[in-house]
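Q: I have a structure open and would like to go through it piece by piece. Can you take some questions?

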Amino acid sequence: MRPSVLFWVIGVLGLLFNLSGFVQMALFFSGHEAMLANFTADQLAYFDALPGWRRVVWVLGVSTALLASLLMLFRRSAAAPIMFFGLTMLLTGIFHDSALGWFDIIGPEGAITYVVVASGVSFLWLYARRQNQKGVLR
C-alpha cells in the first residue's frame, strides 16, 4: 500500500522528535557545558549516582526509538517492534527513577517532559503498528 502524506509528516516529525532526544542524551553524556548548565546540583548528583544498567537502559531507549523512526521512513516493518522496545526501555527508566524520588528532584515541569516523551513514543509505536497492519510498512 502506498503511504499517505500524513504518514510522511508523522514519520518526519517522529524522526525529529527522537533525534532531538538523541542529541540531548549525547550532549549530556559528553559533558557539554551548556547542556549541564541546565541542571541543578541535585539533578547532576542524581545522574552521577545512576547505576550502569540504568545508563544502558537510557541509551537503548533513545537509540532504538531513533532507529525505529528511521526504519519507519524507510517503510520497514521492523519499525513497530523496535519502537516498542524503545518505549519499554523508557518506561523501565521512568519506573526506576520514580522509585528513587527523581520526580521530586525535577519538579512538575520535568515530570511533564517525561509524560510528553512517553506519549510521543507510545503514539509512534501505535502508529507504526497500524501502518504494519495496513501494509504500508514492508
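Q: Which residues of α5 are buried?
A: This is a predicted model, to start with. In α5 the buried residues are Ala79, Ala80, Met83, Gly86, Leu87, Met89, Gly93, Ile94, His96 and Asp97.

Q: What do those buried residues of α5 pack against?
A: They pack against α1, α3, α4 and α6.

Q: How many residues does α5 have, and what does it reach from first C-alpha to last?
A: α5 has 21 residues and reaches 30 Å, close to the 30 Å expected at 1.5 Å a residue. Just after α5 comes Gly101, with a positive phi of about 85°.

Q: Back up a bit. How many helices and strands in the protein chain?
A: There are 6 helices and 0 strands. In sequence order the pattern reads α-α-α-α-α-α.

Q: What box do the C-alpha atoms fill?
A: Roughly 50 × 30 × 25 Å, taken along the principal axes. The protein chain has 138 residues, and 38% of them count as buried.

Q: And what share of the contacts is between residues 24 or more positions apart?
A: 75%, taking the contacts in the protein chain with a separation of 6 or more.

Q: OK, α4 now. Which of its residues are buried?
A: The buried residues of α4 are Arg54, Val57, Gly61, Val62, Thr64, Ala65, Leu66, Ala68, Ser69, Leu71, Met72 and Leu73. They pack against α1, α5 and α6. As for its span, α4 has 22 residues and reaches 32 Å from its first C-alpha to its last, close to the 32 Å expected at 1.5 Å a residue.

Q: Take Ala68 in α4. What does it contact, leaving aside neighbours within four places in sequence?
A: Ala68 is in contact with Ala79, Ile82 and Met83. Its relative accessibility is 0%, so it counts as buried.

Q: Why does Leu71 count as buried?
A: Leu71 counts as buried because its relative accessible area is 17%, and the cut-off for buried is under 20%. Leu71 sits in helix α4. Not counting residues up to four places away in sequence, it touches Arg76, Ala78, Ala79 and Ile82.

Q: How far is the C-alpha of Leu71 from that of Thr40?
A: They are separated by 36 Å, with the two residues 31 apart along the chain.

Q: What comes just after α4?
A: Arg75, which has a positive phi of about 60°. Arg75 lies in the loop between α4 and α5.

Q: Is Arg75 buried or exposed?
A: Arg75 is buried, with a relative accessible area of 15%.

Q: Moving on to the largest nonpolar core. How many residues, and which have the most contacts inside it?
A: It has 17 residues, and those with the most contacts inside it are Phe7, Met72, Ala79, Met83, Ala128 and Leu137. At least two residues of this core come from each of α1, α4, α5 and α6. α6 supplies the largest share, 5 residues.

Q: Ala79 keeps turning up. What is Ala79 in contact with?
A: Ala79 is in contact with Ala68, Leu71, Met72, Ala128 and Leu137, leaving aside its neighbours within four places in sequence.

Q: Which residues does the second core include?
A: The second core is separate and has 7 residues, among them Met35, Phe47, Leu50 and Trp102.

Q: Last topic, pockets. How much space lies in the largest pocket?
A: About 990 Å³.

Q: How many residues line the largest pocket, and which lie nearest its centre?
A: There are 33 lining residues, and Gln24, Trp58, Thr113, Tyr114 and Val117 lie nearest the centre. The elements giving two or more residues to the lining are α1 (5–29), α3 (41–48), α4 (52–73), α5 (79–99) and α6 (102–134).

Q: Which element gives the most to that lining?
A: α6, with 8 residues.

Q: And what is the lining by class?
A: The lining of the largest pocket has 19 nonpolar, 11 polar and 3 charged residues.

Technical notes. Residues numbered from 1 in each chain as written. Predicted model: local features only at pLDDT ≥ 70, side-chain atom pairs only at ≥ 80, totals over all residues. Heavy atoms only, no water. 1 Å grid on protein atoms, 1.4 Å probe; cavity = no way out; pocket = protein on both sides within 12 Å on 5 of 7 lines; lining within 4 Å. Points joined across faces, edges and corners; volume = space filled by probe spheres on them. Helix = DSSP H or I, 4+ residues; strand = E, 2+ residues; numbered from the N terminus. Nonpolar A, V, L, I, M, F, W, Y, C, P; charged D, E, K, R; others polar. Core = buried A, V, L, I, M, F, W, Y, C linked by side-chain atoms within 4.5 Å. Buried < 20%, exposed > 50% of the residue type's maximum accessible area, 1.4 Å probe, protein only. Contact = heavy atoms within 4.5 Å. Expected span 1.5 Å × (residues − 1).
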